[in-house]
Amino acid sequence: MNDQVVARAARVRLMIFDVDGILTDGSLHYGPDGEAIKTFNVLDGHGIKLLQQSGVATAIISARKSDIVARRAADLGIRHLHQGVHDKYAAFKQLLADTGCNEDETGFIGDDVIDLPILLRVGFAASVPNGHIEVRSRVHYVTDAPGGRGAARELCDLILKAQGNYEAALAPYLK
């Protein structure tokens, strides 16, 4: 891991996640009544909770709107949820105002070109190996794990380690 990535991750006070392709593998399954079905990874979810427990705020910005995502955000205690947002940068500016964070103190993980307006401005920009090439070529860090398969957890662990909070996060489980 290069020192610049660690330094950027160490400054994160607000971590923002895209949904499709990041918290899920990007596949959309439709049920018989037309409802979208999404699959979330429990490792990713626990990583988000550990990040929150360390004092890092979390948020979701997604172009799609889904009751399933609202449910997952509630289950994880993600207070800042912006769905159905096609101007993700406007939602990002609102998040900064709501949280008092500046761009340099925020991280965002996204996978497609709609995410670039945020990725190009945050202090810590990340993507996944299955993200669009134009995104992967412009971020500070690309996870080893693909979207929906541990990428969010990998990123949370990286931030926890960079901030010196990883061992404290694990301590309750090592008794």
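A residue is called buried when its relative accessible area is under 20%, exposed when over 50%, and partly exposed in between, using a 1.4 Å probe and protein chains only. By that definition, Asp67, Arg71 and Ala74 are exposed on one side of helix H3, whereas Val69, Arg72, Ala73 and Leu76 of H3 are buried. Seen down the axis of H3, the buried residues fall within an arc of 100°, so they line one face of the helix; the arc is that of the directions from the helix axis to the C-beta atoms.

The model is predicted, with local features requiring pLDDT of at least 70 and side-chain atom pairs counted only at pLDDT 80 or more, while totals for chains, interfaces and linings use all residues. Residues are numbered from 1 along each chain as its sequence is written, and side-chain values use heavy atoms, with hydrogens and water left out.

**The sheet**

Helices (H or I, at least four residues) and strands (E, at least two) are DSSP runs numbered from the N terminus, and two strands pair if DSSP finds at least two bridges between them. On these terms, the structure holds an open sheet of 6 strands in the order S5-S4-S1-S6-S7-S8, with parallel pairing. Its edge strands are S5 (80-82) and S8 (141-142), each of which pairs on one side only.

Strand S1 (residues 14-17) pairs with S4 (residues 57-61) in the parallel sense over 4 bridges, and 4 bridges also join S1 to S6 (residues 106-109), again in parallel. Strand S7 (residues 124-127) runs parallel to S8, to which 2 bridges join it.

| Residue | Bridge partner | Strand of the partner |
|---|---|---|
| Met15 | Thr58 | S4 |
| Leu14 | Thr106 | S6 |
| Ala126 | Tyr141 | S8 |

In a regular strand the side chains alternate between the two faces of the sheet. In S1, Leu14 and Ile16 point one way and Met15 and Phe17 the other, and all four are buried.

Helix H2 (residues 42-53) has 12 residues and reaches 17 Å from its first C-alpha to its last, close to the 16 Å expected at 1.5 Å a residue, where the expected span is 1.5 Å times one less than the number of residues. The buried residues of H2 are Asp44, Gly45, Gly47, Ile48, Leu50 and Leu51. With contact taken as heavy atoms within 4.5 Å, what covers these residues includes S1, S4, H3 (67-76), H7 (151-162) and H8 (166-170). The cover of the buried residues of H3, in turn, includes H2, S4 and S5.

At the start of H2, a side-chain oxygen of Asn41 reaches to within 2.7 Å of the backbone nitrogen of Leu43. Ser66 caps the N-terminal end of H3, with a side-chain oxygen 3.1 Å from the backbone nitrogen of Ile68. Just after H2, Gly55 takes a positive phi of about 105°, and just after H3, Gly77 takes a positive phi of about 75°.

**Cysteines**

A disulfide is taken to be a pair of cysteine sulfur atoms within 2.5 Å, and a search of the whole structure finds 0 disulfides. The sulfur of Cys101 is 15 Å from the closest cysteine sulfur, in Cys156, which is too far for a bond. Cys101 counts as buried at 8% relative accessibility, and Cys156 counts as buried at 1%.

Key. A polar contact is a pair of N or O atoms within 3.5 Å; within protein, one must be able to donate a hydrogen and the other to accept it, and residues adjacent in sequence count only if both atoms are side-chain atoms.
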